[in-house]
Amino acid sequence: MKSTSRFRGPSLILLGTVHILVFVAGLVAAAALRHGAPFITPFSPAEEVRAFFAQSPEASRVSGFFLFASAVPLGLFAVTMVSRLRFLGVKATGTSIALFGGLTAANALVLSGMLGWVLSAPEVTASAPLVKAIFFLSFLSGGAAYAVGFGLLAAGVSVTSYYSRLLPRWLAAFGMVIAIAGEFSSLSLVAYPANFLIPITRVMGFIWLMLAAVKLTSKRQTEYSQQTANAS
């Protein structure tokens with residue numbers, strides 16, 4: 001079926017690029033403001049965690065700001081991606097799964113960024129147990145919660161796009177690898193070694209996000225497919 005209408009919405013490529021650049025900018029700025037101090041994990045001794053944040057409040061504040069800011073283009077990316085898929089004729093449940101996952105990932109970054117900003121307050125860093133608790137919440141939000149949400153976004157888009165022939169098989173498969181890594185990163189809540197899946201999901205997710213944006217943007221916007229396969 002032909003349509004003279006064109007898709008109206010933000011550029012997926014622009015949103016993906018902004019999300020990645022803002023996220024990376026936060027890492028660079030925070031590292032510079034820490035003046036070479038090595039980053040620690042929330043699994044470190046409570047006093048070491050407290051001292052780390054007490055000595056670099058500017059790094060915590062700036063890092064929290066950029067992480068919070070990176071969530072906005074990610075959320076818009078998820079909404080726009082689902083809108084574009086539906087415009088192209090996809091009517092499968094996978095689009096709703098992708099939307100849920102994308103908004104979950106974006107909200108996880110919002111929470112992680114806000115909690116990270118709180119760690120810049122002197123009143124907070126005076127208490128080692130409080131600092132460690134907040135750091136754990138920030139770590140879990142920006143880590144496992146984000147990875148699981150992004151995995152659902154990648155799965156929803158990849159499966160529906162594959163059956164609708166909107167993405168090449170290799171890119172859909174790549175998205176499913178990211179989805180599996182993202183979902184299994186939830187095991188980090190019970191087994192510390194599973195934490196390695198979080199950066200894998202994030203870095204590979206950046207690559208998949210941009211490739212999917214380019215491929216779907218290049219699709220002809222004036223055609224709707226009547227043979228779209230239903231995918232869960």
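Me: Is G113 buried or exposed, going by its relative accessibility?
Reply: This is a predicted model, so everything here is computed from it. G113 has a relative accessibility of 1%. The cut-off for being buried is under 20%, so G113 counts as buried.

Me: OK, and which residues does G113 touch, leaving out those up to four places away in sequence?
Reply: Start with where it sits: G113 is part of helix α4. Once residues up to four places away in sequence are set aside, the contacts of G113 are G64, L67 and F68.

Me: How far apart in space are G113 and S138, C-alpha to C-alpha?
Reply: Along the chain, 25 residues separate G113 and S138. In space, the C-alpha to C-alpha distance between these two is 7.2 Å.

Me: Which residue's backbone oxygen does the side chain of S120 reach?
Reply: Look for a pair of atoms 2.6 Å apart, with the side chain of S120 at one end. At the other end is the backbone oxygen of W117.

Me: S60 touches S120, so where is S60?
Reply: The contacts of S60 beyond four places in sequence are F53, G116, W117, L119 and S120. As for its place, S60 is in helix α3.

Me: Is S60 buried or exposed?
Reply: Check its relative accessibility, which is 8%. Buried means under 20%, so S60 counts as buried.

Me: How far apart are the C-alpha atoms of S60 and G26?
Reply: These two are 34 residues apart along the chain. The separation of their C-alpha atoms is 9.9 Å.

Me: Now salt bridges. Which residue pairs with R50 in one?
Reply: A search of the whole structure turns up 1 salt bridge. Its closest N and O atoms are 2.8 Å apart. The partner of R50 is E47.

Me: In which helix do R50 and E47 both lie?
Reply: Here's a handy bit of background: an α-helix has 3.6 residues a turn, so residues three or four places apart point the same way. R50 and E47 are 3 residues apart, about one turn of the helix. The helix they both belong to is α2.

Me: What is the relative accessible area of E47?
Reply: E47 counts as partly exposed, so its value has to fall between the buried limit of 20% and the exposed limit of 50%. Its relative accessible area is 44%.

Me: Which residues of α2 are buried?
Reply: Other elements cover the buried part of α2, including α3, α5 and α6. The buried residues of α2 themselves are V49, A51, F52 and F53.

Me: What about R165: is it buried or exposed?
Reply: R165 lies in the loop between α6 and α7. Its phi is near 60 degrees, a positive value in a residue other than glycine. With a relative accessible area of 72%, over the 50% cut-off, R165 is exposed.

Me: Last topic, the largest pocket. What is its volume?
Reply: Rolling a probe the size of a water molecule over the atoms shows where empty space is left. For the largest pocket, the volume comes to about 780 Å³.

Me: Which lining residues are closest to the centre of that pocket?
Reply: The lining of the largest pocket has 29 residues. Helices α1, α2, α3, α4, α6 and α8 each supply at least two residues of it. Closest to the centre are L27, F39, S63, L67 and F135.

Me: And how many of the lining residues are nonpolar?
Reply: Sort the lining of the largest pocket by class. There are 2 charged and 12 polar residues, and the number of nonpolar ones is 15.

Definitions and conventions. Residues numbered from 1 in each chain as written. Predicted model: local features only at pLDDT ≥ 70, side-chain atom pairs only at ≥ 80, totals over all residues. Heavy atoms only, no water. 1 Å grid on protein atoms, 1.4 Å probe; cavity = no way out; pocket = protein on both sides within 12 Å on 5 of 7 lines; lining within 4 Å. Points joined across faces, edges and corners; volume = space filled by probe spheres on them. Helix = DSSP H or I, 4+ residues; strand = E, 2+ residues; numbered from the N terminus. Nonpolar A, V, L, I, M, F, W, Y, C, P; charged D, E, K, R; others polar. Salt bridge = Lys/Arg side-chain N within 4 Å of Asp/Glu carboxyl O. Buried < 20%, exposed > 50% of the residue type's maximum accessible area, 1.4 Å probe, protein only. Polar contact = N/O pair within 3.5 Å; in protein donor to acceptor, adjacent residues only side chain to side chain. Contact = heavy atoms within 4.5 Å.
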